[in-house]
Amino acid sequence: MKVNKLEVLSNVQVSERYWHMKLEASSILEPVKPGQFFNIKCAEADSPFLRRPFSIYRMNKAEKTIEFLYLMKGQGTFKLTDVVAGEKVDMLGPLGEGFTLGKTWDTVLLLARGVGIATLAALAQEAVEKHVKCIAILSARTNNDLLAAEMLQGLGVQVIKVTEEDGTSDVSNVHRLIEQLLIENDIKATFTCGSKRLSKLLQKISKNHGLPGQIALEEHMGCAMGVCYACVCDIKEENGINSVRVCKEGPVFNLEKVVLG
Amino acid sequence: MESLKLDVKIGELKLKNPIMPASGAFGFEMESLFDFNQLGAIVPKSITKYPRGGNATPRVCEVTGGMLNSIGIQSKGLPYYLKNILPQYEQYNTPLIASISADSVDEFAEMSEIISKEKCVSGIELNISCPNLEGDGKAFGMDAELSYQLIKKVKAVTNQSIIAKLTPNVTSIQEIALACENGGADGLNVANTMLAMAIDIHTRKPKIGNVLGGISGPAIKPIIVRLIHQVRKVTEIPIIGCGGVMNWEDAIEMILAGANAIQVGTANFINPLSMMEILEGIKRYMTTYQIEDINDLVGKTDIPV
């Protein structure tokens, strides 16, 4: 972890609500793992006051760039859309614990909702590089929000889209979809991000099928470095329920252990 | 000027410079960012005797010019602190000030006595601004007599330099400051966060899980400057200014108001290198104005008569 001042190569709107930012990252020497994040200063001025955490969307090791896919939602992301190519952005990171791909996992299932798709896209990229078969259910309000779908398909990920627009994104339908995929494929592990409802569903299914799972949690953060204890979640462990830091012990947790409330 | 004198004293505690982190806004997790040997002091997060789970989330929220927090001193308890937290800092030549939070006067004394025996501890900061479970949730630091008794009892069981962290949520901070001085405090931290509240107008819910939180950040700095000024008028013991210092200009302002040292809290979240930058800025200021000793600046506000 360090304070990086990275040059923006591009920062463009890619759909109605989503933006994509690419930065020059040769100064980041430590490995950056899928699921890890950067705490970004979205504006030079004091408003918004705090940094905002963004998970990594893509890392391009050869060309030494890093990409973020973000939803224009509040004051921070709104300000970030003002940044233009050539400007520098202050990014603290990489932060947190990322995803782990087990050595024997030759087929994995990803279940992502909304901006959680960006987080799991980074994992899909690594899985494909490791010749792991990747099946991804992407859920969003509209097809317009499913912008990472094509990128993932291009990588060779089997993508299934569900949306409110098409009336396919309800939990029961996603449940049926997953059960079908589990019959058709020898899925070894599951991953999720972006929806509490879908995470609960995947937690239940993974438990029933004895599959290991991982979840990337989203949380408002103070310091994002593990010192302030603002972003905590409950984890079930042998000694009972413990409150741990999303920014430090997470944001990726064992799906089975997370108390989703 | 090669010979800038930046060292300050708080009781028997000697600091190589006046810049240190505020409790709860610093941790060993930041060690890859800068050299802790450059700090005036190391102040780990407040410790409680027993493990504490902390408050309901959300624990922080952003407001104009600052943030509210109500963490609830999530803590793994004193034994864990002694075994796992303190040893991390033994490698540095920077004095460590242990911040203590407790539920009763006796517990403050008991913890201070235990912590005093740790060789890497050079001073103790008493968080008397936390709610007193014996006193219906009122902070110890809101009651002058209680503050006096508390400091006196702690001083009786330790030779460490004792700093009382005052609450700004009082009618007269001068009265509390004097009570702490009379009790034997070696220094005063002015101050903890100010009690505040924020409401989401769309959900109509408080933005903090605990409903009330403490506000920190640049929004409160002028209030802290005023409090330092008021405390300096009634006491000569060292003051640590704390609250909304974002840059070196803020630090100098608090020193001019009467602070001998400065704690940096919320700024670490925005710029984790801020303490190092503040220190460099102070040196430049001293060079510009030909001030050889930082102590010569303390309380040097030119107030018209």
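Author: Gladly. Chain B has 8 helices and 15 strands, while chain A has 5 helices and 15 strands. This is a predicted model, in which local features need pLDDT of at least 70 and side-chain atom pairs count only at pLDDT 80 or more, whereas totals for chains, interfaces and linings use all residues. Residues are numbered from 1 along each chain as its sequence is written, and chains are lettered from A and ligands numbered from 1 in the order in which they are written.

Reader: What makes chain A as compact as a globular protein of its length?

Author: The radius of gyration, taken over C-alpha atoms, is set against the globule rule, 2.2 Å times the number of residues to the power 0.38. For 261 residues the rule gives 18 Å, and chain A has 18 Å, so chain A is as compact as a globular protein of that length. Its C-alpha trace spans about 50 × 45 × 35 Å along the principal axes.

Reader: And how does chain B agree with a compact globule?

Author: With 305 residues, a compact globule would have a radius near 19 Å, and the 18 Å of chain B agrees with that. The C-alpha atoms of chain B fill a box of roughly 50 × 50 × 45 Å along the principal axes.

Reader: Why are S10 and S15 of chain A said to stand at the edges?

Author: Two strands pair if DSSP finds at least two bridges between them. The open sheet of 6 strands in chain A has the order S10-S9-S8-S11-S12-S15, with mixed pairing. Strand S10 (158-163) and strand S15 (252-254) each have a single partner strand, so one side of each is left without a neighbour in the sheet. The twist averages 20° from one strand to the next.

Reader: Which strands are at the edges of the parallel sheet in chain B?

Author: That open sheet has 7 strands in the order S3-S15-S14-S9-S8-S7-S6. Strand S3 (19-21) and strand S6 (96-100) of chain B are the edge strands, each pairing on one side only. Inside the order, strand S9 (residues 187-190) and strand S14 (residues 239-242) of chain B pair in the parallel sense over 3 bridges, with Leu188(B) opposite Ile239(B). Helix H5 of chain B packs on the sheet, touching S9 and S14 of chain B, and its direction makes about 170° with that of S14(B).

Reader: Why are H4(B) and H5(B) called oblique?

Author: Axes are lines fitted to C-alpha atoms, for helices over the stretch in contact, and angles run from 0 to 180 degrees between N-to-C directions. Under 35 degrees counts as roughly parallel, over 145 as roughly antiparallel, 65 to 115 as roughly perpendicular, and the rest as oblique. Helix H4 (residues 173-183) and helix H5 (residues 221-234) of chain B pack at about 50°, with axes 9 Å apart, and are therefore oblique to each other.

Reader: What makes their crossing right-handed?

Author: A crossing is right-handed if the near helix is turned clockwise from the far one by less than a right angle, and left-handed if anticlockwise. H4(B) passes H5(B) in the right-handed way.

Reader: Which residues of H4(B) and H5(B) meet?

Author: Contact requires C-beta atoms, placed from the backbone, to lie within 7 Å. Ile173(B), Gln174(B), Ala177(B) and Leu178(B) of H4(B) meet Leu227(B), Gln230(B), Val231(B) and Val234(B) of H5(B). They divide into 6 nonpolar, 2 polar and no charged, where Ala, Val, Leu, Ile, Met, Phe, Trp, Tyr, Cys and Pro count as nonpolar, Asp, Glu, Lys and Arg as charged, and the others, Gly among them, as polar.

Reader: How many residues does the contact between the chains involve?

Author: 28 residues of chain B are in contact with 21 residues of chain A. The side of chain B that touches chain A divides into 13 nonpolar, 12 polar and 3 charged residues.

Definitions and conventions
Helices (H or I, at least four residues) and strands (E, at least two) are DSSP runs, numbered from the N terminus. Two residues are in contact if their C-beta atoms, placed from the backbone, lie within 7 Å.
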